[in-house]
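Please walk me through this model in the viewer, one selection at a time. I would like to know what to pick next and what is there.

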Amino acid sequence: MGVVGSGKTTVGKLLAEKMGWQFSDADDFHSPENIEKISHGIPLDDSDRVPWLAALHNAIQRWETESKNVVLACSALKQSYRDELRVGDVRFVYLKGSYDLIRERLRVRRGHFASESILRSQFADLEEPDDAITVEIGNSADAIVSQVVQKLNQQRIS
């Protein structure tokens, strides 16, 4: 989880590969209307997110029923969103970075419908979790994945 440009897809794909799990991107669950808004720099509000969160909740429930291990890249900015997504053995990993670092990343990013214009509103909406694995994103994606795996393993032992 994290704001746009924090590395959710990149880190998520690498983590899924390392763990031998499936990868899914919450962006794929957005309606065409939501994607249109985001691509024009219009932030989504809670009412825009209701059907999206419901679709994600249903997917997570299905994965749980099918005993599938899945890494889901999802902003999950607010506690209420995370509560909606907390099904079964869901764990959250928060990819934390400063506004300036992420803004610089977005300035060079290509091929994604969200842009720097969405970043400010996402930081405003962000409710940092106190129950997630938190990893600073200043390191390489491989180093971040290694930290996440180590922390997941520590949670299993505890």
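Buried here means under 20% relative accessible area, exposed means over 50%, and partly exposed lies in between (1.4 Å probe, protein chains only). The model is predicted, so to speak of local features requires pLDDT of at least 70 and side-chain atom pairs count only at pLDDT 80 or more, while totals for chains, interfaces and linings use all residues. Residues are numbered from 1 along each chain as its sequence is written, and side-chain values use heavy atoms, with hydrogens and water left out.

Select serine 24 to begin. This residue sits in strand β1, residues 22-25; helices (H or I, at least four residues) and strands (E, at least two) are DSSP runs, numbered from the N terminus. Serine 24 is buried, at 11% relative accessible area.

Next, select aspartate 46 and lysine 78. Their side chains form a salt bridge, 3.2 Å from N to O; the term requires a side-chain nitrogen of Lys or Arg within 4 Å of a carboxyl oxygen of Asp or Glu. Aspartate 46 is in helix α3 (46-65) and lysine 78 in the loop between β2 and α4, so the pair ties together parts 32 residues apart in sequence. Aspartate 46 is partly exposed at 39%, whereas lysine 78 is buried at 16%.

Finally, go to helix α5, residues 99-108. Asp100, Arg103, Glu104 and Arg107 are linked there in a network of salt bridges. Aspartate 100, partly exposed at 45%, pairs with arginine 103 at 3.2 Å. Glutamate 104 pairs with arginine 107 at 3.0 Å.
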